[in-house]
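Please consult the sequence and the structure shown below while reading.

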Amino acid sequence: MKTAEIVQKLGIHSIYCGYFYVIYGTELAVADERYLLSITKWLYPEIAAHFDTSYSKVERGIRTVVNICWQEGNRKYLNELAGYRLTRKPTSGEFIAILSEYIKMHR
């Protein structure tokens, strides 16, 4: 399953900038899991450079889509991706890690 399909199934759609940031960030993390070791120093700047935007816009955009997913999205599917029942909203880094690990396991 493609990253975009997973993100859409979570209830996140392309009307949000964070949609594109999450997809690109997840694909970077799938290709090189070292991005997950330092979300703020490596991943966000790489996403910002790719989309010609600022680090803070990337951070806010991803945080927004995580909030939307948690409050209005398909939380049951998010739990399925994580492999366990989430008791709190994941951080942006945890969210991308959940997506990237799921994709790596189901290639």
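The model is a predicted one. S92 belongs to helix α6, which covers residues 92–105.

When neighbours within four places in sequence are left aside, the contacts of S92 are Y44, I62, R63 and V66.

## Helix α3 against helix α4

Helix α3 spans residues 39–51 and helix α4 spans residues 55–72; their axes come within 8 Å and cross at roughly 100 degrees. The two helices are therefore roughly perpendicular to each other. On the α3 side the contact is formed by T40, Y44, P45, I47 and A48, and on the α4 side by Y55, V58, E59 and I62. Sorted by class, this contact comprises seven nonpolar residues, one polar residue and one charged residue.

Y44 counts as buried, because its relative accessibility is 4% and the buried class lies under 20%. Apart from neighbours within four places in sequence, Y44 is in contact with I39, Y55, V58, E59, I62 and S92. Y44 and V7 are separated by 37 residues in sequence and, from C-alpha to C-alpha, by 18 Å in space.

## Helix α2 against helix α6

Helix α2, residues 17–31, packs with α6 at an angle of about 55 degrees, and the axes of the two helices are 9 Å apart. That angle makes α2 oblique to α6. The crossing of α2 past α6 is right-handed.

From α2, the residues that make the contact are V22, G25, T26, A29 and V30; from α6, they are F95, I96, L99, S100, I103 and K104. By class, seven residues of this contact are nonpolar, three are polar and one is charged.

## Phe95 in helix α6

F95 is also found in helix α6. Is F95 buried or exposed? Its relative accessible area is 0%, so F95 is buried.

Not counting residues up to four places away in sequence, F95 touches L10, I12, V22, V66, C69, L78 and P90. V22 of α2 is among the residues in the contact between α2 and α6. F95 and K9 lie 86 residues apart in sequence, with a C-alpha to C-alpha distance of 14 Å in space.

How many disulfides does a search of the whole structure find? The search finds zero.

C17 is exposed, with a relative accessible area of 52%, whereas C69 is buried, with a relative accessible area of 1%. C69 is one of the residues that F95 touches.

How values were computed. Residues are numbered from 1 along each chain as its sequence is written. This is a predicted model: local features need pLDDT of at least 70, side-chain atom pairs count only at pLDDT 80 or more; totals for chains, interfaces and linings use all residues. Side-chain values use heavy atoms; hydrogens and water are left out. Helices (H or I, at least four residues) and strands (E, at least two) are DSSP runs, numbered from the N terminus. Contact means heavy atoms within 4.5 Å. A disulfide is a pair of cysteine sulfur atoms within 2.5 Å. Buried means under 20% relative accessible area, exposed over 50%, partly exposed in between (1.4 Å probe, protein chains only). Axes are lines fitted to C-alpha atoms, for helices over the stretch in contact, and angles run from 0 to 180 degrees between N-to-C directions. Angles under 35 degrees count as roughly parallel, over 145 as roughly antiparallel, 65 to 115 as roughly perpendicular and the rest as oblique. A crossing is left-handed if the near helix is turned anticlockwise from the far one by less than a right angle, and right-handed if clockwise. Ala, Val, Leu, Ile, Met, Phe, Trp, Tyr, Cys and Pro count as nonpolar, Asp, Glu, Lys and Arg as charged, and the others, Gly among them, as polar.
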